[in-house]
Amino acid sequence: MTYHLNSSVGKVSAPPIAESAAWLEGNSSNLPAINLSQAVPSYLPAPELADYVAKCIKDGSANLYTDILGLPDLREALAAHMSSAYRGTVNASDVAITAGCNQAFCAAVLALARPGDNIVLAAPWYFNNQMWLEMQGIEVRAIPAIDETDALPRPQDLASVCDERTRAMVLISPNNPTGAVYPPELLDAFFDTCQTLQIALLVDETYKDFLDPASPPHNLFGRENWGETLVQLYSFSKVYALTGARVGSLIAGPQMIEAVEKIIDCVAICAPHTGQKAALFGLQNLDGWKREKRLIMADRLQAMKAAFAAHAANYRIVSAGAFFAYLSHPYVNHDARAVAMGLAQHCGVLTLPGSMFGPEQDGYLRLAFANVDASAMEEAARRLGDYQPRA
Ligand SMILES: Cc1ncc(COP(=O)(O)O)c(C=O)c1O
């Protein structure tokens, strides 16, 4: 006797970050490991945020469930932040606080699609998006988001992959895995196309805080009818270095929020109360800290580009931004997985193979450069530049 497991879950590939971590265990290089696999800020959260959360735990103000959709003050503060950052109109009632952006994605999909429906991803995609769709029995359709010139999807590719069972288009900007930042006009064009096709537009903006805030990432919240089409997914994980606090959000019109409330009630009851307190503290107090970290990441991006130009010019940076660079590797007779495993085992540098992000990505590697400071990036580029795969 054994479990009769859900075959839709069984077919899904193993969690990629955990799988790749094992490759470093075989590091035979005698060099210290440089981990460029997972997008995790390398610094601690702001000390005043940590003190505040500790105080909340001690005084009992963060130990109970919150409202299903989150602390009213946090919903209010996030709505105000989004309205101002995007020069649009977001109300507290449009906001659902979730246990991270991944949960926001899962809830949005569950609210929109049933088994047998399909959802369109831009390829290369964020692997957890594909994994969730596959385990829900929702077909993944793809439009390309990479070619010789850029890493942008094209709205004109969308209609031809849609049919009457298409429920949504998913975009991520700044993108994981490519780092590409989608211009506002591109997001506008996708919004219009989605409206015409009567499908939802999910935009994951987990990395938005690493963009220059001088101009809004897009203008969609300024549209009168955004709440009929747009679902914005967001995370507090990266902006406040709180990946373990599990707090994110979903912003959408009233029908989506009503559906999402039912889903959150069943899967988590509410997002972690401590994480919500931390997020609220961040929104209210940490604009200066956030700016400093954005500038650090911008420096790391420049350091990464300079290091590759100097020491690993045999790799081509196809696209880079926020936390990520997407590189085309020079080993044309080796698939990306073999290259990434070789780099981990012989150079002690952990990258992720493009093949973890979708079909036809064997020529690429993803680097999460946010994880290391500029000096480590130079060392990583030297090791990559010198690497010779075994035949
Ligand atoms: C595009 C994207 N969305 C969502 C997430 C997960 O965010 P969270 O920690 O809020 O679940 C990540 C994490 O790497 C990501 O890259």
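Predicted model: local features only at pLDDT ≥ 70, side-chain atom pairs only at ≥ 80, totals over all residues.
Student: Which residues of H6 are buried, and what covers them?

Tutor: In helix H6 (residues 127-135), the buried ones are Asn-129, Gln-130, Met-131, Trp-132 and Leu-133. Their cover includes helix H5 (101-112) along with strands E3 (118-123), E4 (139-144) and E5 (166-172).

Student: Which residues other than glycine have a positive phi?

Tutor: Gln-198 is one of them, with phi near 60°, and Arg-246 has a positive phi of about 55°. You'll find Gln-198 in the loop between H7 and strand E6 (200-204), while Arg-246 lies in the loop between strand E7 (230-235) and strand E8 (248-251).

Student: Is Gln-198 buried or exposed? And Arg-246, buried or exposed?

Tutor: Count the C-beta neighbours. Gln-198 has 12 inside 10 Å, so it counts as exposed. Arg-246 has 21 inside 10 Å and therefore counts as buried.

Student: How do I read a sheet?

Tutor: Strands of a sheet pair through backbone hydrogen bonds, either parallel or antiparallel. Here, four strands make an open sheet in the order E9-E10-E13-E12, with antiparallel pairing. Strands E9 (316-321) and E12 (352-353) are at the edges with a single partner strand each, so one side of each has no neighbour in the sheet.

Student: How many bridges pair E12 with E13?

Tutor: Two bridges, in the antiparallel sense, with E13 covering residues 364-368. Look for Pro-353 opposite Leu-365 in E13. Elsewhere on the sheet, helix H10 (residues 287-311) lies across E9 and strand E10 (324-328), running at about 175° to E9.

Student: And how do I describe a helix pair?

Tutor: Two packed helices are described by the angle between their axes and the distance between the axes. Take helix H3 (residues 47-58) and helix H9 (residues 273-285): their axes come within 10 Å and cross at roughly 140°. H3 and H9 are therefore oblique to each other, and their crossing is right-handed.

Student: Which residues make that contact?

Tutor: H3 brings Glu-48, Leu-49, Tyr-52, Val-53, Cys-56 and Ile-57, and H9 brings Thr-274, Lys-277, Ala-278, Phe-281, Gly-282 and Asn-285. By class, the contact of H3 with H9 has seven nonpolar, three polar and two charged residues.

Note on methods
Residues numbered from 1 in each chain as written. Pairing = 2+ DSSP bridges. Contact = placed C-beta atoms within 7 Å. Axes fitted to C-alpha atoms, helices over the stretch in contact; angles between N-to-C directions. Parallel < 35°, antiparallel > 145°, perpendicular 65-115°, else oblique. Left-handed = near helix turned anticlockwise from the far one by under 90°. Nonpolar A, V, L, I, M, F, W, Y, C, P; charged D, E, K, R; others polar. Buried ≥ 20, exposed ≤ 12 C-beta atoms within 10 Å, placed from the backbone.
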